[in-house]
Amino acid sequence: MVEVQETVDYTEQLRRAALRVTRPRLAVMQAVDAHPHADTDTIVSAVRSGGLPDVSRQAVYDVLGALTEAGLVRRIQPSGSLARYESRVGDNHHHVVCRVCGAVEDVDCAIGETPCLAASDAHGYEVDEAEVIYWGLCPACQSHQASEPQP
């Protein structure tokens with residue numbers, strides 16, 4: 001049986017979040033790091049092929065929930081797509097999503113004046129995060145679209 005590659009970093013992150021260090025948690029953290037913006041099916045497959053072939057889908061869902069609640073992973077769900085997970089949690093970055101293939105990439109926050117990120121009326125809420133998703137066509141889909149014959 002292949003052992004889950006344990007790193008001090010994942011172990012420390014779990015301990016700092018007051019979570020028990022378990023093989024499924026380590027494997028899920030490793031899978032999320034290796035597959036940014038992956039959906040749950042991709043993470044389940046990565047965990048199973050990475051050393052835990054018998055892990056249940058429910059166990060992975062439970063781990064993702066615990067890691068998200070602890071702030072160790074971030075769950076994003078662009079409109080019309082499945083939930084996806086990433087390990088980049090230390091900032092308020094945004095995403096760009098391809099309308100054709102669904103590819104997702106990180107976009108750092110805008111620099112300079114950002115009027116759309118400041119709520120004109122927060123209705124008494126203490127706003128701590130703004131989420132922006134940019135939509136368009138990724139380079140691969142642009143190339144494919146450009147090479148298709150036009151009607």
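Me: What is the strand order in the open sheet of three strands, and is the pairing parallel or antiparallel?
Reply: In this predicted model, the order is S1-S3-S2, and the pairing is antiparallel.

Me: Which are the edge strands there?
Reply: Strand S1 (38–39) and strand S2 (74–76) hold the edges, each pairing on one side only.

Me: How many bridges join S1 and S3?
Reply: Two bridges join S1 to strand S3, residues 84–86, and the sense is antiparallel.

Me: Which residue in S3 stands opposite Asp-39?
Reply: Arg-84 of S3 is opposite Asp-39.

Me: Moving on to S4 and S5: how many bridges there, and in which sense?
Reply: Strand S4 (residues 94–98) pairs with strand S5 (residues 104–107) over four bridges, in the antiparallel sense. Across that pairing, His-94 faces Val-107 of S5.

Me: How many residues lie between S4 and S5 in the hairpin?
Reply: Five residues separate the two strands of the hairpin. In the turn, Gly-102 has a positive phi of about 85°.

Me: Now the helices. At what angle do H2 and H3 pack?
Reply: Helix H2 (residues 23–34) packs on helix H3 (residues 40–49) at an angle of about 120°, and their axes are 9 Å apart. H2 is therefore oblique to H3.

Me: Is that crossing of H2 and H3 left-handed or right-handed?
Reply: H2 and H3 make a right-handed crossing.

Me: Which residues meet there?
Reply: From H2, Ala-27, Val-28, Ala-31 and Val-32 take part; from H3, their partners are Ile-43, Ala-46 and Val-47. By class, the contact of H2 with H3 has seven nonpolar residues, with no polar and no charged ones.

Me: What about H3 and H4: where do their axes stand?
Reply: The axes of H3 and helix H4 (residues 57–69) come within 10 Å, with a crossing at roughly 110°.

Me: Which residues make the contact?
Reply: H3 contributes Thr-40, Asp-41, Ile-43, Val-44 and Arg-48, while H4 contributes Arg-57, Val-60, Tyr-61 and Leu-64.

Me: How many of them are nonpolar, polar and charged?
Reply: The contact of H3 with H4 has five nonpolar, one polar and three charged residues.

Conventions
Residues numbered from 1 in each chain as written. Predicted model: local features only at pLDDT ≥ 70, side-chain atom pairs only at ≥ 80, totals over all residues. Heavy atoms only, no water. Axes fitted to C-alpha atoms, helices over the stretch in contact; angles between N-to-C directions. Parallel < 35°, antiparallel > 145°, perpendicular 65-115°, else oblique. Left-handed = near helix turned anticlockwise from the far one by under 90°. Contact = heavy atoms within 4.5 Å. Nonpolar A, V, L, I, M, F, W, Y, C, P; charged D, E, K, R; others polar. Pairing = 2+ DSSP bridges.
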